[in-house]
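Open the structure in your viewer and keep the sequence panel beside it. The stops below tell you what to select and what is there.

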There are 2 protein chains.
Amino acid sequence: MSHHHESSTINIQEPIKSEARGKFGAMKVVKAMGSSGGGALKRGLAIFDFILRLAALAAALGATIAMGTSDQTLNFFTQFFQFRARYDDLPAFSFFVAANAVASGYLVLSLPFSIVSIVRPQASGVRMLLIIFDTIAVALISAGAGAAAAIVYLAHKGNNKINWAAICQQFGSFCERVSGAVVASFIAAFIFILLVFISAASLKKN
Amino acid sequence: MSHHHESSTINIQEPIKSEARGKFGAMKVVKAMGSSGGGALKRGLAIFDFILRLAALAAALGATIAMGTSDQTLNFFTQFFQFRARYDDLPAFSFFVAANAVASGYLVLSLPFSIVSIVRPQASGVRMLLIIFDTIAVALISAGAGAAAAIVYLAHKGNNKINWAAICQQFGSFCERVSGAVVASFIAAFIFILLVFISAASLKKN
């Protein structure tokens, strides 16, 4: 009977642990466990996730605005010839603006979910939602940045074989602005990759 | 005392379940459990992962070869003028070939790891490794496909404002081949996104 009594004292803790692994009641148990266990690590990851989302938002929004407001007009000797460079002259730049704007909007919407996973570090449903949309954002931003980078490269260097002229000698400030936007967008893509890693580490059993 | 006895019978099953969640001994327990539980689902996902990797390899390798062998020479009326279009005339296309070749190489290397996760569906270390490199592959392939798509679009339509001429009227078969490679690469990127989702679902506790 003493043996039965021992196993029943262990038994009391088991349902609490499995409750901690479940969706609800995770917070109380984590607090009771103190800093030990995966809860604290996952909460740290969730806080890092939130900070990275703010950084990605700054980069993606900066890229959107820098590219979206790029506009340079050149007045040549006569009033008859006026040349103007704007992002929407090139479909690749328009796609770039759309991709970064969509990613920025998604980042704003994802912030509450990131907060939920700080409060409930063990909730895997929220993590799954974030990892799915973060992965799509990686593809979207990378494709947009790649497309814009290809055109920016062409604008800087031109192409002798195909007879596409470099335009950055004339449109210097336009090219600078656009190049900055592309760099910001690649930074945003890199942060999105880190966000996927964080979600994966949070989903992992530890 | 009857109450104590009841709770101790539940207690016997708890350590087995937590062992199943651990890294080792997962297989035996899954076999003992039969087809019920998350083991069968995760094995199904792992098999699907392997098949998708073969499909992604076909797409990425196809894109690499189609772009890498694109070469069209035009002989004009005299022998003095000869025009030739090759992928390495354009840095965006060279990057495209490199990105798809690297992704193809990675896919071949990832196949044994995919097999490991079929044999051990609960092993989360292999899943973490795959999700990290799959996410990087999503970014790499998307950037390459985006860059090539921007140039292909330009080759088809040209740009009046910047005075970049369309070249696909002359180099029709070159453009067709290059466009096909871009489509194949976007398919590979899409499959990589699915592979990240599969890894995430496998890491998730169920």
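The tour goes from one chain, to one residue in it, to the interface with a second chain.

Keep in mind that this is a predicted model.

**Stop 1: chain A.** Select chain A and colour it by secondary structure. There are six helices and two strands, and from the N terminus they run α-α-α-β-β-α-α-α. Chain A has 206 residues, and 49% of them are buried.

**Stop 2: Ser70(A).** Select Ser70(A), in the loop between α3 (38-68) and β1 (71-75) of chain A. Is Ser70(A) buried or exposed? Ser70(A) counts as buried because its relative accessible area is 1%, under the cut-off of 20%. Now show its side chain, which reaches the backbone oxygen of Met67(A) at 2.7 Å. Beyond its neighbours within four places in sequence, Ser70(A) is in contact with several residues, including Tyr87(A), Phe174(A) and Val178(A).

**Stop 3: the interface.** Show chain B as well. Here 46 residues of chain A are in contact with 46 residues of chain B. The area buried between the two chains is about 4,400 Å², and carbon and sulfur atoms give 72% of that area.

Two salt bridges are counted between the chains. To see one of them, select Asp89(A) and Lys161(B), whose side chains meet at 3.4 Å, N to O.

Next, select α1 (2-21), α4 (91-119), α5 (124-157) and α6 (172-203) of chain A; each supplies at least two residues of the side that touches chain B. Which helix gives the most? α5(A) does, with 18 residues. By class, this side of chain A has 26 nonpolar, 13 polar and seven charged residues.

Terms used
Residues are numbered from 1 along each chain as its sequence is written. Chains are lettered from A and ligands numbered from 1 in the order in which they are written. This is a predicted model: local features need pLDDT of at least 70, side-chain atom pairs count only at pLDDT 80 or more; totals for chains, interfaces and linings use all residues. Side-chain values use heavy atoms; hydrogens and water are left out. Helices (H or I, at least four residues) and strands (E, at least two) are DSSP runs, numbered from the N terminus. Buried means under 20% relative accessible area, exposed over 50%, partly exposed in between (1.4 Å probe, protein chains only). A polar contact is a pair of N or O atoms within 3.5 Å; within protein, one must be able to donate a hydrogen and the other to accept it, and residues adjacent in sequence count only if both atoms are side-chain atoms. Contact means heavy atoms within 4.5 Å. Buried area is the accessible area (1.4 Å probe) that two parts lose on being put together, summed over both. A salt bridge is a side-chain nitrogen of Lys or Arg within 4 Å of a carboxyl oxygen of Asp or Glu. Ala, Val, Leu, Ile, Met, Phe, Trp, Tyr, Cys and Pro count as nonpolar, Asp, Glu, Lys and Arg as charged, and the others, Gly among them, as polar.
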